[in-house]
Amino acid sequence: MAAASVAAVAQTRKTLDFPRFKLVNGKLDVDKDGIEMPASGASLCLVEGAKTCFQMAPHQETDGKFTYQFARDPLSERIVLKGGGSLAFFSASDYSVEPLKFDRLALLRYEENGRLTNLLPYIAVSFQGERAMWTLPDISAMPVLVTADLYWDFDANETRWDDHRYFVEAYRGDISSDRYVFLFKYLTKRKYASGDHKPVRVLGPERNEVLRRLLRAAAQP
């Protein structure tokens, strides 16, 4: 597929303007030891009409021994699309303490029937990570999601406070599934501050490399 034709991959249906909304923390329960634990995920709720809510779903570890609830610190921003309409980029944190806590991400579309559809697969970014929605009309009519999360090299005796290399991932809207799909993942050559003493700033310096890989992915049949 030529790079110039990639925009056709993303936005083939009309996207409505995302209505006004509010963010709501998840509910908490108190366990037998008096410790507050999350009982449900945070929600993004429309404030007009049917007042539909999207609740961040829990995530179970592969061994089934622990389930994460993304109950606190909900954040959202409206993403305006070049072709018209807008989406809501929504995140909420689990109840771990730093540096173990991480955010689950959702990209919500408002449907004509009033429902809210999450276009993302399960994606979570740690406290020491970074995420962004990039508008790249030459590559996709829908924004491209790019994330960065640290690689902790235990063999090199790295500590939490050291600079680290980062895994960078990219996701793009797919016409056949009407959802976002994984494109690529790579490990940076450079090391970056991990957020304890300086803000995490990976995606800016890595932008040219990410764009190069996006264009290469766009050229694939």
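Student: Is serine 194 buried or exposed?

Tutor: Buried means under 20% relative accessible area, exposed over 50%, and partly exposed in between, with a 1.4 Å probe and protein chains only. Serine 194 has 3% relative accessibility, so it counts as buried. This is a predicted model: local features need pLDDT of at least 70, side-chain atom pairs count only at pLDDT 80 or more, and totals for chains, interfaces and linings use all residues. Residues are numbered from 1 along each chain as its sequence is written, and side-chain values use heavy atoms, leaving out hydrogens and water.

Student: Where is serine 194 found?

Tutor: Serine 194 sits in the loop between β16 and α1. Helices (H or I, at least four residues) and strands (E, at least two) are DSSP runs, numbered from the N terminus.

Student: Which residues is serine 194 in contact with?

Tutor: Contact means heavy atoms within 4.5 Å. Leaving aside neighbours within four places in sequence, serine 194 touches Gln128, Leu150, Arg160, Trp161, Asp162, His164, Tyr166 and Val200. A polar atom of the serine 194 side chain lies 3.2 Å from the backbone oxygen of aspartate 162.

Student: How do strands of a sheet pair?

Tutor: They pair through backbone hydrogen bonds, either parallel or antiparallel. Two strands pair if DSSP finds at least two bridges between them. Here, an open sheet of 3 strands runs β1-β4-β5, with antiparallel pairing. β1 (21-24) and β5 (53-55) are at the edges with a single partner strand each, so one side of each has no neighbour in the sheet. β1 and β4 (residues 43-46) pair over 4 bridges. Leucine 23 has leucine 44 in β4 as its bridge partner.

Conventions
A polar contact is a pair of N or O atoms within 3.5 Å; within protein, one must be able to donate a hydrogen and the other to accept it, and residues adjacent in sequence count only if both atoms are side-chain atoms.
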